[in-house]
Amino acid sequence: MAITTRVVNADMRNWVFVRIETDQPGLYGWGEATLEWKTQAVVGAVNDLAPLLIGRDPRDIEQAVRILKKHSFWRLGVIGMSAVSGIELALWDIFGKWLGQPVWRLLGGKVRDRVKVYTHLGLGDMRAVYETLDAEPLVKRASEVVAKGYRALKAVFIPYSHYHAPLTEVEKVGRLMEALRKTVGPEVEIMVDFHGRPASASTALAYIDVLAPYRPMFIEEPLPPGETGALTQLAAKSRVPIATGERLIDRAEFDDLFRARAVDIVQPDICHCGGLLEAKKIAAMAEAVSVGVAPHNPLGPIAGAAALHFAVSTPNHLIQEEMVGAVPWYFEVVKGPIRMVDGCWQVPEAPGLGIEVDEAVAARHPYKPEVMHTTNAVLSDGTIVDW
């Protein structure tokens, strides 16, 4: 078994693809371990972990993940767990190809005939996602998303915050949400990403209260990760469903949320939490406490394919984030199963993840340092706040 990486620069982030070759000629698998602003660290982690699996059967996926996590000695953190996730996805791709079956069949089979999806403003263009803070570009970009056939979209227009929500900022958020709802109408779902910017439950609630009349499907990450107590306080007062979880990587962290009844929707990232098996376990825990799953996925095309197989096979899956418009050549670098009809992805039938990487296209987009958005995450008095 040989484990290698390919880094593909997709404008404002680098995609990290993981390739695993077996000793059976022509049998190999692809995974994705993309982690924003940590590209070289993740590539190094894959290289460090790879020797642990040499000589082992790639079909023993649960065992492989246990080896990577337990024989590393040090707890891996998000960098190491992203590396594990990329390796795990590639093992599923191998297993599905070996059996001649799509991965979703191996995860329990089909529980739905199509998968609801949503994208971001700008169809996933990163500048549009994070830099649309005024009404005119907001409604223009939202109209473009709806015109492309999407029936759900997400926007990020909560201001950089701290422990207080100034009235002028709260009123602006209300005006933006009003304009957005008026533009897309009642049939298009809207999600608002807080990006963990409020530092307190009271700050988050001030913004939630002005969003509530326009019925967002959910608000995302209203507080920084790890603030379960404050999140529980917020959940008791919020009139809008709360989603979070993209920056959690350990099952115990998710368990804290579920025990506290702090969320309505959980958002594990399959490329960070340990892969498909771990995401399925988190989803099962969520289902036991009546919580839906809407996996985080602003990443590359292999991550998108993995999310599709997860969604097809997971009963409490709600809606899938995607960013197929991140770069114009998204579908050139990876030929895959993603196909949208009437705002939904269709069920794939090809073996494994159903993907093939065009390494020539990948080579045309080599690693570049990623653009940092954090320079604006500073208050007028110089206070550094969450981006």
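The model is predicted, so local features need pLDDT of at least 70 and side-chain atom pairs count only at pLDDT 80 or more, while totals for chains, interfaces and linings use all residues. Residues are numbered from 1 along each chain as its sequence is written, and side-chain values use heavy atoms, with hydrogens and water left out.

Asn9 belongs to strand 1, residues 2-9. Strands (E, at least two residues) and helices (H or I, at least four) are DSSP runs numbered from the N terminus. With a relative accessible area of 6%, Asn9 is buried; buried means under 20% relative accessible area, exposed over 50%, and partly exposed in between, using a 1.4 Å probe and protein chains only. Leaving aside residues up to four places away in sequence, Asn9 touches Asn14, Trp329, His365, Pro366, Tyr367 and Lys368, where contact means heavy atoms within 4.5 Å. With Asn14, the side chain of Asn9 makes a side-chain polar contact at 2.9 Å. A polar contact is a pair of N or O atoms within 3.5 Å; within protein, one must be able to donate a hydrogen and the other to accept it, and residues adjacent in sequence count only if both atoms are side-chain atoms.

Trp329 leads on to the aromatic rings. The structure holds 9 aromatic pairs. Rings of Phe, Tyr and Trp (its six-membered ring) pair if their centres lie within 6.5 Å; planes under 30 degrees apart count as stacked, over 60 as edge-to-face and the rest as tilted. Trp15 and Trp329 have ring centres 5.7 Å apart and planes at 65 degrees, so this pair is edge-to-face. Because Trp15 lies in strand 2 (residues 14-21) and Trp329 in the loop between strand 11 (320-321) and helix 13 (330-333), the pair ties together parts that are 314 residues apart in sequence. Trp15 is buried at 1% relative accessible area, and Trp329 is buried at 12%.

Trp37 and Trp387 also form an edge-to-face pair, 5.2 Å centre to centre with 80 degrees between the planes. Trp37 is in the loop between strand 3 (28-32) and helix 1 (39-49), and Trp387 is in the segment after helix 14 (359-363), 350 residues apart. Trp37 is partly exposed at 29%, whereas Trp387 is buried at 15%.

Ring pairs also join Trp15, Phe17, Trp329, Tyr330 and Phe331 into a cluster.

What sits over the ring of Tyr28? The charged end of Arg19 does, 4.0 Å from the ring centre. Lys97 lies over the face of Tyr28 at 4.3 Å from the ring centre. A charge sits over a ring if NZ of Lys or CZ of Arg is within 6 Å of the ring centre and within 35 degrees of the ring normal.
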